[in-house]
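Please walk me through this structure from the overall build down to single residues. I am new to it and would like a plain account.

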Protein chains: 2
Amino acid sequence: MDQPEKPERAERPRRAETADALAYDVFSRACPSRGTLEHVTGRWGALTLGALYDGSFRFNELRRRVDGVSEKMLSQTLHALERDGLVHREAQPTNPPRVDYELTPLGRDVAERLLALIHFVEGRMDEVLVARGRYDDAARETRGGR
Amino acid sequence: MDQPEKPERAERPRRAETADALAYDVFSRACPSRGTLEHVTGRWGALTLGALYDGSFRFNELRRRVDGVSEKMLSQTLHALERDGLVHREAQPTNPPRVDYELTPLGRDVAERLLALIHFVEGRMDEVLVARGRYDDAARETRGGR
DNA sequence: CAGCATCCTTCCGGATACTG
DNA sequence: CAGTATCCGGAAGGATGCTG
């Protein structure tokens, strides 16, 4: 495979080890929850969980629902989510093969929180856009932009 | 600057435009909420919002709280979040300079949803780890790996 | 202290081809 | 259909040096 996920090498001390100042949570780079959180919130992870919240789908159905995802990325994403116990893979050894993906109970709980965040952000996009306008105006003014 | 964010070019049709098959518009790359959502859920964005939920912090304080973030990434992340109206930057023109960052009310609302997700995932990491063990065992068995 | 600019490495992710 | 394997371009991001 290509890059089927970082092989769990959480401890790559590129800088000083100051993690001990923090409680054992996502804020420490040594914590495995950071990895799972990135699967969940990652570009394709979030969209895949969102798509699967609507029900059970086959591989190519899913690909159509998650707009823009490549075969490779969807495959990788599904593997990561399945490994984390958020997605269940049901394969029938028929010909042609048929495989269905669906959320596990845990995956459903995660997707719920995720969608709450997504929908909240969507609902406040008008405020975000206004803030962006202000920020860009101020920046243009400061740097004497054209 | 280096890559201070994609300059809002939401429509880069690498593939066919089939976004209309989806209900939520975040799933369409043409929607600006996609960008903001990625600032919020992105690797450093999520951790930065989480850290700022605890109060107001100076640049290097934040860097210490968000373990592993580089100066460049923290700077970039803070700019993106400030531009989206989620973070407020308070700079005093003293010498040496002192700059404090804190969440805006909107940022606080977003961080709340985000932390709900983060804490949920953290609280269920034991289940995730068990699932990973099962998955890896099954894979090893299938491929007869060592 | 609080950053920006530059270089350079890593790796994400798309295109393509092939397998069962 | 449901994937895996390989190649490779471009973006993410760390290290370093400099400014106010």
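Predicted model: local features only at pLDDT ≥ 70, side-chain atom pairs only at ≥ 80, totals over all residues.

Chain A contains six helices and three strands. Along the sequence these elements follow the pattern α-α-β-α-α-β-β-α-α. Chain A has 146 residues, and 42% of them are buried. Its contacts can also be sorted by separation along the chain. Among those in chain A between residues at least 6 apart in sequence, 45% join residues at least 24 apart.

Next comes the contact between chain A and chain B. Chain A puts 59 residues into this contact and chain B puts in 56. About 5500 Å² of area is buried between the two chains, and carbon and sulfur atoms give 60% of that area. On the side of chain B, B:Asp67, B:Arg83 and B:Arg132 supply 14% of the area buried against chain A, more than any other three residues.

The buried residues of α2(A) include A:Trp44, A:Gly45, A:Ala46 and A:Leu47. Further along α2(A), A:Thr48, A:Leu49, A:Gly50, A:Ala51 and A:Leu52 are buried as well. In α1(B), seven of the 10 residues are buried, so that helix too is largely enclosed by the rest of the structure. The buried residues there are B:Ser33, B:Arg34, B:Thr36, B:Leu37, B:His39, B:Val40 and B:Thr41.

In soluble globular proteins, nonpolar side chains tend to be buried together. The largest nonpolar core of this model has 64 residues. Which residues touch the most other members of that core? They are A:Leu49 and B:Leu49. A:Leu49 is one of the buried residues of α2(A). For B:Leu49, setting aside residues up to four places away in sequence, the contacts are B:Val40, B:Leu81, B:Val87, B:Leu103, B:Val110, B:Ala111 and B:Leu114.

How many cavities of 30 Å³ or more does a search of the whole structure find? The search finds four. The largest cavity has a volume of about 70 Å³. It is lined by 10 residues, and the closest to its centre are A:Arg43, A:Ala46, A:Leu47, B:Leu37 and B:Glu38. The largest share, four residues, comes from α1(B). By class, the lining of the largest cavity has four nonpolar, three polar and three charged residues.

The second largest cavity has a volume of about 50 Å³. From chain A, its lining includes A:Arg34, A:Leu37, A:Glu38 and A:Thr41. From chain B, the lining includes B:Thr41, B:Gly42, B:Arg43, B:Ala46 and B:Leu47. Here the elements that give two or more residues are α1 (32–41) of chain A and α2 (43–52) of chain B. The most comes from α1(A), with four residues. The lining of the second largest cavity divides into three nonpolar, three polar and three charged residues.

Some local details remain, starting with a strand of chain B. B:His88 lies in strand β2 of chain B, which covers residues 87–92. Is B:His88 buried or partly exposed? Its relative accessible area is 34%, which means that B:His88 is partly exposed. Leaving out residues up to four places away in sequence, B:His88 touches B:Asp100, B:Tyr101, B:Glu102 and B:Thr104. B:Glu102 is 14 residues away from B:His88 along the chain, and their C-alpha atoms are separated by 5.3 Å.

A:Pro96 is found in the loop between β2 (87–92) and β3 (98–103) of chain A. In chain B, a cis peptide bond joins B:Asn95 and B:Pro96, and omega is about 5 degrees. B:Pro96 sits in the loop between β2 and β3 (98–103) of chain B.

Technical notes
Residues numbered from 1 in each chain as written. Chains lettered and ligands numbered in written order. Heavy atoms only, no water. 1 Å grid on protein atoms, 1.4 Å probe; cavity = no way out; pocket = protein on both sides within 12 Å on 5 of 7 lines; lining within 4 Å. Points joined across faces, edges and corners; volume = space filled by probe spheres on them. Nonpolar A, V, L, I, M, F, W, Y, C, P; charged D, E, K, R; others polar. Buried < 20%, exposed > 50% of the residue type's maximum accessible area, 1.4 Å probe, protein only. Core = buried A, V, L, I, M, F, W, Y, C linked by side-chain atoms within 4.5 Å. Contact = heavy atoms within 4.5 Å. Buried area = accessible area lost by both parts, 1.4 Å probe.
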